[in-house]
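Take a moment to look over the structure shown here. Then read on for a quick tour.

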Amino acid sequence: MFYPQGIKCVVCGKELFGENRYCICSGCLLKANIRFCPKCGRAVGSTTVYCEDCTKSERHFTVARAPFVFEGKAKKLVYRLKYGGEKHLAKVMAQYLADEYYKNVWHVDFVSYVPMHEKRQKARGYNQAQLIANELGKIINKPLVNTLTRIKFSDNFARMNRKERMREAEESFDANSKFKNKSILLVDDVFTTGATSSACAKELLNSGASDVYVLTFCTSESKNELY
Ligand SMILES: [Zn+2]
Ligand SMILES: [Zn+2]
């Protein structure tokens with residue numbers, strides 16, 4: 001039997017002998033997101049009860065899902081892609097997103113991504129969400145479309161309350177075109193509060209889209225566990 005040489009686990013660096021197509025070895029399992037809010041996909045400890053944010057505020061996306069919880073090894077991978085310049089990790093993440101996409105049996109017309117503000121993208125040199133979306137599009141055979149422009153540069157999200165975050169996010173995006181009756185798969189690296197995804201979805205729906213599904217590599221754990 002021949003295995004391609006030099007394929008290594010992206011987490012620990014151990015050589016892989018064709019044991020999987022994900023480039024992550026069996027000893028480096030990431031924390032799977034098994035019990036999640038049925039609307040936003042955040043880890044809540046139950047698959048039947050909506051998280052507090054989905055109960056109290058409107059979510060404009062149809063549903064959001066993520067294969068992993070944002071902690072430990074998965075979190076490190078996100079940071080390596082986002083801040084460490086390791087663009088090759090986008091392909092690894094896209095493989096997991098493709099599985100999630102097929103599992104959910106969504107119909108989408110094309111893949112898109114949460115845009116970065118021009119200023120920030122210039123500083124980083126790339127948008128990690130765009131890289132993941134591009135790889136995902138190749139796997140599931142859907143075109144990648146640049147649907148939104150980020151018109152507001154905000155970096156103090158963490159200090160805002162729910163209402164402020166939503167308002168800030170909703171003023172941040174402009175649709176690049178009309179997307180009449182299109183079903184869109186929106187990709188990002190991490191789903192945190194969902195304010196950004198929801199704001200993007202709202203703008204796309206206002207531009208005629210019929211559905212916006214959100215896929216992220218990781219999702220946060222909802223602080224309020226409602227059982
Ligand atoms: Zn490993
Ligand atoms: Zn939720």
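## Before you start

This is a predicted model, where local features need pLDDT of at least 70, side-chain atom pairs count only at pLDDT 80 or more, and totals for chains, interfaces and linings use all residues. Residues are numbered from 1 along each chain as its sequence is written, while chains are lettered from A and ligands numbered from 1 in the order in which they are written.

## Two domains

The protein is assigned domain 1 (1-28) and domain 2 (31-219), with bounds that come from an automatic or database domain assignment. Their C-alpha centres sit 28 Å apart. Where they meet, 6 residues of domain 1 are in contact with 6 residues of domain 2 (contact: C-beta atoms, placed from the backbone, within 7 Å).

## The core

The largest nonpolar core counts 60 residues. Such a core is a set of buried Ala, Val, Leu, Ile, Met, Phe, Trp, Tyr and Cys residues joined through C-beta atoms within 7 Å. Buried means that 20 or more other C-beta atoms lie within 10 Å of a residue's own, exposed means 12 or fewer, and partly exposed is in between, with C-beta atoms placed from the backbone. Helix 3 (residues 89-104) supplies the largest share of this core, 8 residues. Both domain 1 (1-28) and domain 2 (31-219) give residues to the core, so it lies between them. (Helices are DSSP runs of H or I with at least four residues, strands are runs of E with at least two, and both are numbered from the N terminus.)

Leu97, Ile132, Leu186, Val187 and Phe217 have the most contacts inside the core. Leaving out residues up to four places away in sequence, Leu97 touches Ile132, Leu136, Val187, Leu215 and Phe217.

## A pair of helices

How do helix 6 (residues 162-170) and helix 7 (residues 195-206) pack, and at what angle? They meet at about 40 degrees, with their axes 8 Å apart; axes are lines fitted to C-alpha atoms over the stretch in contact, and angles run from 0 to 180 degrees between N-to-C directions. Helix 6 and helix 7 are therefore oblique to each other (under 35 degrees is roughly parallel, over 145 roughly antiparallel, 65 to 115 roughly perpendicular, and the rest oblique). On the helix 6 side, the contact is made by Arg165, Met166, Ala169 and Glu170, and on the helix 7 side by Ala195, Thr196, Ala199 and Lys202.

## Two loop residues

Most residues other than glycine have a negative phi. Val105 has a positive phi of about 50 degrees, and is found in the loop between helix 3 and strand 3 (110-113). Val105 is exposed, with 6 other C-beta atoms within 10 Å.

Asn181 also has a positive phi, of about 60 degrees. Its loop runs between strand 5 (173-175) and strand 6 (183-191), and Asn181 is exposed, with 10 other C-beta atoms within 10 Å.

Notes. Two residues are in contact if their C-beta atoms, placed from the backbone, lie within 7 Å.
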